[in-house]
Amino acid sequence: MSHATLTAGPVFTAHTVAVSVDVDSPAQRAVPMLAEVSAVPSSSTLKALSLLELVAQNGGASATEIKDTLGFSLPTVYRLAQLLVDADYLVHLREERRFELGYKVHELGRALHQQLGVSPPMRAVVQALHEAGDVAAYFAVYRGTDVVVAHVADSAWAQRIRPLEFGFHEATHATAFGKIILAGMSVEERDSFLDANGMPAFTDATITSRAELERHLERVRLRGVAWEREEFVPGHTCAAVGVRSASGEVIGAVALSLESPRLGHRSDELERLLRGAGARASHLVRRGR
């Protein structure tokens, strides 16, 4: 669940490239898969991915900037960059002497959206929560060993917490939707998950003690709602409820966030809206929608 940190401080989001690509067009040239370009040792593969992440996070980078940030030699930078250019994961802007994301990255992003598969009715549930509560609203799912944000509804007057973009899957112990998923795990599953991912502090309020988290999750299970007050991002509060399958298993969460000063005495109101959204989302899941 961890990412390589390429710039100072925690980095959670990446720049995206809005490009329309007709992958079914006969004119679209066949591009090699990254693994097919050459037999690349695993260490080189990790270096290539670090290079790709740096270009994504910085909106482009020159060979010198890549060398200085990642500590690679220039020959290594050019070799790895050429590998990625050949596979269409990067493009080389020769006149500007820099690399930017290639069109293959757009295809990967589109494929991830398709795999997470948030249906229009589920999007409508999240949108309705956003509008009724005047809050940013989220739908997160438990995918493999990650808790992933699959859909966000926000606006200029009720903005999402910036790290919580589509695909975000960090800080499970410090987010409301993450706590809902953790509370639904068995003790063994939760121990394995936390052993693998740790419990780093994001703010002074972050729960970093396993014993304290267990006590907190017990309250989450009893009440059916998780609150997170400035444990992830200072000045912001989040709450979440579980989305359950027909068997009663927690497979996701509906969540909301707002700036802490805007919460005031609205906790009961927001819990009511959340529980309604969670019930509707669970109904959709049970109906296969």
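**Reading helix faces and salt bridges**

Mentor: Arg275 and Glu271 are separated by about one helical turn, because they stand four residues apart in helix α10. Please bear in mind that this is a predicted model.

Trainee: Which contact do the side chains of Arg275 and Glu271 make?

Mentor: The general idea is that an α-helix has 3.6 residues a turn, so residues three or four places apart point the same way. In this case the two side chains, Arg275 and Glu271, form a salt bridge with an N to O distance of 3.5 Å. Arg275 is partly exposed at 37% relative accessibility, whereas Glu271 is buried at 9%.

Trainee: Where do the buried residues of α6 lie when one looks down its axis?

Mentor: The buried residues of α6 are Met122, Val125, Val126, Leu129, His130 and Gly133. Viewed along the axis of α6, they fall within an arc of 135°, so they line one face of the helix. The face turned away from that buried side carries the exposed residues Pro120 and Glu131.

Trainee: How many salt bridges does a search of the whole structure find?

Mentor: The search finds 12. Asp191, Asp195 and Arg210 are linked in a network of salt bridges.

How values were computed: Residues are numbered from 1 along each chain as its sequence is written. This is a predicted model: local features need pLDDT of at least 70, side-chain atom pairs count only at pLDDT 80 or more; totals for chains, interfaces and linings use all residues. Side-chain values use heavy atoms; hydrogens and water are left out. Buried means under 20% relative accessible area, exposed over 50%, partly exposed in between (1.4 Å probe, protein chains only). Helices (H or I, at least four residues) and strands (E, at least two) are DSSP runs, numbered from the N terminus. The arc is that of the directions from the helix axis to the C-beta atoms. A salt bridge is a side-chain nitrogen of Lys or Arg within 4 Å of a carboxyl oxygen of Asp or Glu.
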